[in-house]
Amino acid sequence: MRNDQVDPHQRRPGVPRGGPGEARDRPGLFDAVLFDRDGTLVYDVPYNGDPDRVRPVPGARAALDRLRAAGLRLGVVTNQSGLARGRFTAADLARVNARVDELLGPFDTWQICPHADPGPGGAGCRCRKPAPGLVWDAARALGTHPTRCVLVGDIGADMTAAGAAGASGVLVPTPATRAAEVAAAPAVAADLNTAVDLILWRHRLGAPDPSPPRPGRRRCVLVARSDSVGDVLVTGPAIRAVAAGADRVVLLCGPRGRAAAELLPGVDELVEWALPWIDPQPGPVDPAEMARLVARLAEIGAEEAVLFTSFHQSALPLALLLRMAGVARISAVSDDYPGSLLDVRHRVPPGIPEAERALSLAAAAGFALPADDEPRLRLRPDRLAPAPTAGTATGRAGDTDTAATLPEPGYVVVHPGSSVPARACPPEVCARIVEALADAGHRVVVTGGPGEAPLTARVAGRSGIDLGGQTSLRRLAAIISRAACLVVGNTGPAHLAAAVGVPVVSLFAPTVPFGQWAPFRVPTVRLGAADAACRHTRATTCPVPGHPCLSGIEPRQVVEAVRLLDRRIADGGGSAVPIGEVGVGTGGAPRTAAPAERGVRAGADVPGRPAAGTGPGGVSDVGGHGVVLPVGDPVTASAAEVGR
Ligand SMILES: [Zn+2]
C-alpha cells in the first residue's frame, strides 16, 4: 500500500473490522443481504399471528439459496407494530417467524421492531423503519457494517432505512407499493429472483472472474475521468484498483474536476485537458490542439489505458487519440460499436451506482481492489486542508481560510449551491431549512464556493454561520469532515461528504437516476419529488415551471432526515429507547405532523433536540462520522422482547 493510500480508519484503535475503511475478510461488494418480511419474503397478511397463514412469495426459497451459495449471509429486518397494538402476542410472533425460518431459513439474524407508529407530535423509536436502527443492528449482529449490506423490501420505508444506514437498497414492488416509492427507490427489481441477479452482479465486481488470462502487473497505466468534481470522486475506488496493479498511474482530468483529482489516492501524476466531447460548454475542436494532446499522451508512455465515463458520455474519441499516441491496450464502457479502438469493450446494466460502474470496468480490464481496500470513496489525508479554527485567516491563494468562527464538531452543514442549476434547491427553501434546523437545536454552517457569497448570505440569514465564497474544495472537505451531516443537492460536495464518511441529506433533483448518483456507501436520506416531470431528462436548467422536484421540500422533512442520520441510532445497540425522548423540550413546541410521506415518516416531530454527533470518538480528521461500533454482538432489546 502506498503512503497516500493509508486510511486513518485503518490505524485507529478500537474500531472493529467491518467499519468503513476496514479490511475486508471476504472479496466482493457485500457481506449480507437483509430482507423485509411481509410483502417481500412472504405474502403480507396484516397483523398475522398464525403460522399456518405464512406463504412465501414465488421463487423465494431458490433466490435466497443462490445468495447463500455466493457466501452472503442473510437477515430479516421487520416492523411488527401488531405487538404494540395488541393484535398478536409475542408467542404468536415467534411462531410465525419460526415458520418463515422453516420455509426460507435459516437466517443469520432477525431484527424486529415491536413499536407502533408515534402519533402526531410523538417521537419515533430508533428501529421502526424508515428509521435505520434495525439495519445497524443486523449489520452489527453479522459482524459487518451497513455499507456492506443490501436491504430488499417492498415499500419506501425499507429503502429509506437502508439508505439512512448507508446500506444499498433494492425495491421489489407489490401491487400495494405506491408509484412515488418506486420512483424514489435506488434500484427496482420485478421480483426476488431479479433482485438477486442484480445483487450478485454488483457483489462480484470486487472479485472479478479470474478465468480469462490477464496481463501481469503494469508499469504505467493512464486512467481518464473528465467532467466535474463529483464525477472524479466517484471514480476514486476504480482508480485505486488500477493503482493496485500498476507501478504508476497518470490521471487525465478536466479543469472542472482538477481540484478533486488532486485529492484522490493512487494517482501519481495529473494531466489536465478540456475534452470538447465531454466538457458541458465546449469550445470548437482545434486540430492543432488535438495534435498537442496526442503528443502529450504519447509522452506519458502508458502501455495501457482505462477510460472512465458516465453512462451518457462516449469514451471513443479519447480511445482514438490514445491509439494515435501508441497506447497498446484500451478498456472502456461502450454501447456503441468501437471497431478496433477498444481491447476491452465493457457493458454495464443501467442503474448501477457510478462508483460500481467504474469498478466493474477496472475489474474487466483486470484490476481489482485489494482485499484491504474497502470499496468506498476516499481522499488523501495528506492533501486535506487543516480544519478552519476560530478567528484564523491565512489568505493563502486557493485555500483561503475563514475568519468566521466554526463551531465545535457535530454541526450541520447546508450547501445550497450546485454545479448545475436544475439540481439546486431554491434559496428561499434552503433559508427555511437553515431556520428549521436551528430551531431544532442544531448549529448550522452554510458553505459555498467562490461566487456564491450572495447565495450563502441569503440562506444563512440570522440562524446560520455563513462560510460562503471562501471555501476551496480541500477546505470544504475539512469543514464537512467535522459535521454531523451535510444537507446538499446532487452536486460535488455530496460526494465529498461520502469520501469523508459524513452522512448526507440529499435534496435530489431526479434529472438523473438516484441509484447512479446517490452519495456512495454513506448514510443518506433522499428528499424531493422523485416522480417530478424533470425525471431522467438530464436537464441542466429545470424544464418544469416552479422547479417542483425541490421547491416542495418541507424544512421539517430535513429536520426529520437529520434525526434518521443521528449517530445515536447507529450506536444504539441494545437500546430500544425512543431516541426522540433524548433532549426533547429544550426548545420549540411540538408541531402538527405533516401529511405522512411514507419515505420519511416515523417520529416526525422531534422539536428542540440538541445537535448530534458531538460525543467522543465521533469525529476524526478524515471520515468524520466516525462510526464506532460497540464491542460485542448485542441482541436488540426489541428482538429480545419478542422472545427470539
Ligand atoms: Zn422500534
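Me: Which residues of helix α14 meet Pro555, Arg556, Val558, Val559 and Val562 in helix α20?
Reply: The model is predicted: local features need pLDDT of at least 70, side-chain atom pairs count only at pLDDT 80 or more, and totals for chains, interfaces and linings use all residues. Residues are numbered from 1 along each chain as its sequence is written. A contact is two C-beta atoms, placed from the backbone, within 7 Å, and a helix is a DSSP run of H or I, at least four residues, numbered from the N terminus. On the α14 side the residues are Arg432, Ile433, Ala436 and Leu437.

Me: How many charged residues does the contact of α14 with α20 have?
Reply: Asp, Glu, Lys and Arg count as charged. Arg432 in α14 and Arg556 in α20 are among the residues that meet. The contact has seven nonpolar and no polar residues, and its charged residues number two.

Me: At what angle do α14 and α20 pack?
Reply: Helix α14 covers residues 427–439 and helix α20 covers residues 555–564. Their axes are 8 Å apart, and the angle is about 50°.

Me: Is α14 roughly parallel or oblique to α20?
Reply: Roughly parallel means under 35 degrees, roughly perpendicular 65 to 115, roughly antiparallel over 145, and oblique the rest. The angle here is about 50°, so α14 and α20 are oblique.

Me: What percentage of the chain counts as buried?
Reply: Buried means 20 or more other C-beta atoms within 10 Å of a residue's own. Of the 644 residues of the chain, the buried share is 56%.

Me: Which residues does Val242 touch?
Reply: Residues up to four places away in sequence are not counted. The partners of Val242 are Val221, Val223, Val249, Val306, Ala362 and Phe367.

Conventions. A residue is buried if 20 or more other C-beta atoms lie within 10 Å of its own, exposed if 12 or fewer, and partly exposed in between; C-beta atoms are placed from the backbone. Axes are lines fitted to C-alpha atoms, for helices over the stretch in contact, and angles run from 0 to 180 degrees between N-to-C directions. Helices (H or I, at least four residues) and strands (E, at least two) are DSSP runs, numbered from the N terminus.
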